[in-house]
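Student: I've got a model open and I'd like to learn how to read it. Can you walk me through it?

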Amino acid sequence: MNWTNLGDALRSISTRDDLLTPYFDDLYDTVDDDGQPRTEKIDQLAYHLNSTQESDYTAIFERPKVLHNEKTGKWVMWWHADGRTEPGGSTYARSMAAVAVSDSPAGPFRMTGAFRMPNRADYQACTPYAVPGQARDMTVFQDDDGLAYISYSSEENYSLYVAALDDSYTNVTHTTERDTLDVNQYSEDGRYPYVFADGTPEAPVRGEDFQIVKECGHLEAPAIFERDGTYSVIASGATGWAPNPQTYYTTKNLMGEWIRGVESGDANETVSYDAIPDGGDGLLSVGDVRRSTFGSQSTNVLELEPGKFVYMGDRWNDGASDSTYVWLPLTVGENGRLEMHNPAAEDPARYGDGWDASYWDDKGFGHGRWKALTAGVPETVRRGTTPELPTSVPVDVDGTTTPVAVTWSAVDTRVLGPQTLTGTLAADAHFTAGRSFQRTIAVVEPGIADIAPEATVTASSRNDLVGTIVDGNATAKGWDDWTGNGYPRDSWLQFDWGTDRTFDSIVVHTYKDGPTATWPSRVQAQYRDASGAWIDTEVAATLAQDAAAPAPVAVIDARSLPAASALRLRLTSEANTWQSIAEVDVWGNASAPNVCRGGDATVSASFHQTEWATMPAGNACDGRLNTQWSTWTDAGYKDTATFTLETSEIHRLNEVRFTNIEGAIAGVTAEYRAPSGEWAPVTTAGAAPTVVNGTESTLSFSTVLATGLRLTFATPGSYLKIPEIVVPEAGGIARITPQLTGEANAAGWYRDSVGVLLSHDGGDDVTVQHRTDDGDWTTGVEFEVSGDGAHSVDYRALWNGDEVAAVAGSIDIRIDTVAPLTRAETSNAALLSRLMDPAAVREAPARSTVEFTATDATSGVATTEYSLDAGTTWTTGTSLTIADAGDHTVQYRSTDVAGNVEQTRSIVVTVAATPGPQPEPTGSATPAPSTPAPSTPAPSTPAPGASGAPAGSGAPAGSAGAPAASSGTRAPGGLAATGAAAPLALGATALLLTVAGGALLAVRRRRA
């Protein structure tokens, strides 16, 4: 519609003589000045330009790409140049990349080279059929810095490469002067790519000159582009003309490491491109129900404007020249994930006639890498209830997190099992509205599980497809009853467990396989009774076969079905069509947990089948009877085979069950790995089982605590084939180990609340309880003990409601969080007599003594210590004698048995010595003058404000916490009493307190 035909940019030839025409002579100088053909050049050009099918050496031109080189001013075209290498041979035998140049994008382009491309030295690592330097499906990419690159599928399409081009864009960076492969490469200037990275100075280096995007991935049709510093390459699987679910890889450095999708090392990193589930990292298309990249194969990605990319894909018509193109928008989702959409399928009313750039307006367009932080989104929801979903979620954009409003897709809580929950974000400062992300929420019912994967599944036809209906992918194409001789319109799917199961519900996910309603009009359940007969039931669902509607999901209540060992779904269709089923869930009573399927388990085997089919040990622990571990080989059978289960957690084990279905097992033994890491044989309970094919065998042994189990199967002259190995967790409990947070001191005391974890080896059938200080029993394994004092914690386990006496026990926990309290007291008899008789003359005291008394209410006092006059040394003791005159600061503190250290306290003791007896000074703190001054008798009542102790002290007179004598009042005999409290009058009350507490020398109380 919007294109103008400017003619042929690059011409091929139909005959050799075409090269003699003026058009080609002007381009290639095929005729010399004398009018004679340049035969050798013409032969070389004809080999690469003759595209007629009848030619002995037919040349093929595919996937042309053009770049403009600003340095040279040239337009440079690269294309996949293939063709025959011998008459009648394959037209894809050459595997080259050819290049041409022009002064205009419309041409004419002149071919300057047809080359093989760089390869690693071990280019046959993926397949022995690879030829050196192959370059098949290819593309080119020009970076913002002007450097250009070529990407190509090589090694028989097994490995996808990217290589740097030289400054002219017409060759790679490392070249040689001859065709070292002797494969009729063409070079106008005589330079050919140096193919092998063989370590020589002239050779290309992986990681510098070329890189392999994916080794052994069987990919083709690359398309490279860059967004916000991330390079992406979209690639298709190599499936001929048939489309497939395409994948993509990303990197920050074209010559660096590439990863599939955007999540390095996730579950989809190494699986085949067509095994990535819908919504999985690395799957390109969204809503691609036929998993065909909307019926296309990538060829290019166009940047419409910064950040808005358009996918261009070939819609092959078996390779016919009139094959068309598909143009679809690419959006960038969470974590930078690429998402390709089909607007016409998403919104037929809006985009049924086409789409334009407005598509991005409500698709969260913006720049930066973002991630929704959804810790508040529940992972499960009970059947029939409504999940509580947040109205906004924190969204991280390049390291900055802000809350953004979100709306959620509906969850059908009638249907058990996992469902995709889509959140759509409102606009914010960086993005328009419409960013979407997916989370998985499971609709659950306690005790109910999907038991369909545990069954042997068969069908009325096409049994090669039955495994796809129990593979967990409810949106991909699965089984159908199509035949080339008309449609049965009455088919069945059968699930056989071999033992009775009870049923809750059946969910049948149908599949729309084309423009018609390719699903049943009725699904009816039948069960097999004890005689082996199939019994019809009224458990059924009727589906409308409306081709304009999406494929429906049938939800069938199966609770009225009796317990049975097998179930059959009868599928009938009123329309003349095949019936296609994506997935079947049969919800019923959950099986006992299998340790080898636990999240902490890994399994391995000494050997497994790799020919015709790969059947590793993991197949025996995937819960699916349709997959098996096999040791079959055509190179000589192994006499023994070992199966090893290893776990990171400790498990109680006492048996293992399995059913062999092919080969012959002569015997089986087992050994276990103890928590110490040592392996030892189990003690078998009874005789070892005789293994009969098709019958479950059980090896029983004494219960062990294990982190591993190894089974050794004797298969002399034969092999084994086991669908499932069941290692159940043994019931009961063998131990409870209390673990306490923090650490008690040497005396066994804690100085804070204590967290308790009752670690045990019991399973889900065990209840662990505890009680503190003979209180009520409480269920739980984690709790806290608090409060000062000695506590007794009892614990026990209940198994099937009965106490397991062997594991019951108790622990003592002693807690003291409060430090001791210390009082300091002083005493002196000389001061007491002076206070009783102020007129008396006494000899000055020679020293003062401080006594320390400490108390602690819980663990008791361990030590008391003091320090004199800001000294750095602390001395342990309960008394201190001071002989030196002057003011002395005494610091003191105590520590209790639990280790609590009291806050340091202090007192000031003043000891002032005089030469000898002298007259009593009157009202002065200094020596009296030669003529005594009049004096005022001491008041008989305390001075105002002197009667109370300092706030909060509560200490008696004479102690560090008691009221002090009036500051600056020197007692006769050379001792002065000083204090921080209000002055104390020496009245009758003070005398009585002094007598009771000892003579007060001089005390000033303060805290350090």
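Predicted model: local features only at pLDDT ≥ 70, side-chain atom pairs only at ≥ 80, totals over all residues.

Student: How much of the protein chain is buried, and how much accessible surface does the chain have?

Tutor: Of its 1008 residues, 47% count as buried. The accessible surface is about 46700 Å², with 50% of that belonging to carbon and sulfur atoms. As for contacts between residues at least 6 apart in sequence, 63% join residues at least 24 apart.

Student: Let's take a sheet. In what order do β39, β45 and β41 run?

Tutor: To read a sheet, go strand by strand and look at the partners. Here 3 strands make an open sheet, ordered β39-β45-β41, with antiparallel pairing. β39 (629–630) and β41 (662–663) are the edge strands with a single partner strand each, so one side of each has no neighbour in the sheet.

Student: How many bridges join β41 and β45?

Tutor: The antiparallel pairing of β41 with β45 (residues 720–722) runs over 2 bridges. To see one end of a bridge, find Gly663: its bridge partner in β45 is Leu720.

Student: Now a helix. Which residues of α2 are buried?

Tutor: For a helix, look at which residues are covered, then at what covers them. In α2 (residues 39–49), the buried ones are Ile42, Leu45, Ala46, Tyr47, His48 and Leu49. They pack against α1 (22–28) and against several strands, including β1 (59–68) and β3 (96–102).

Student: And aromatic pairs, how many are there?

Tutor: The count is 27 aromatic pairs. Tyr23 and Phe24 are one of them, edge-to-face at 5.0 Å centre to centre with 80 degrees between the planes. Tyr23 is partly exposed at 23% relative accessible area, while Phe24 is buried at 5%.

Student: Why is the pair of Phe61 and Trp79 called stacked?

Tutor: Check the angle: planes under 30 degrees apart count as stacked. The planes of Phe61 and Trp79 are at 15 degrees, with the ring centres 5.6 Å apart, so the pair is stacked. This pair links distant parts of the chain, as Phe61 is in β1 and Trp79 in β2 (residues 75–83), 18 residues apart. Phe61 is partly exposed at 29% relative accessible area, but Trp79 is buried at 2%.

Student: Which residues do ring pairs link into a cluster?

Tutor: Tyr351, Trp355, Tyr359 and Trp360.

Student: Last one: where does the charged end of Arg710 sit?

Tutor: Over the ring of Trp679, 4.1 Å from its centre. For another case, go to Arg568, which lies over the face of Trp534 at 4.2 Å from the ring centre.

Methods
Residues numbered from 1 in each chain as written. Heavy atoms only, no water. Pairing = 2+ DSSP bridges. Helix = DSSP H or I, 4+ residues; strand = E, 2+ residues; numbered from the N terminus. Buried < 20%, exposed > 50% of the residue type's maximum accessible area, 1.4 Å probe, protein only. Contact = heavy atoms within 4.5 Å. Areas by Shrake-Rupley, 256 points an atom, 1.4 Å probe, with all protein chains shown as cover. Phe/Tyr/Trp six-rings, centres within 6.5 Å; stacked < 30°, edge-to-face > 60°. Lys NZ or Arg CZ within 6 Å of the ring centre and 35° of its normal.
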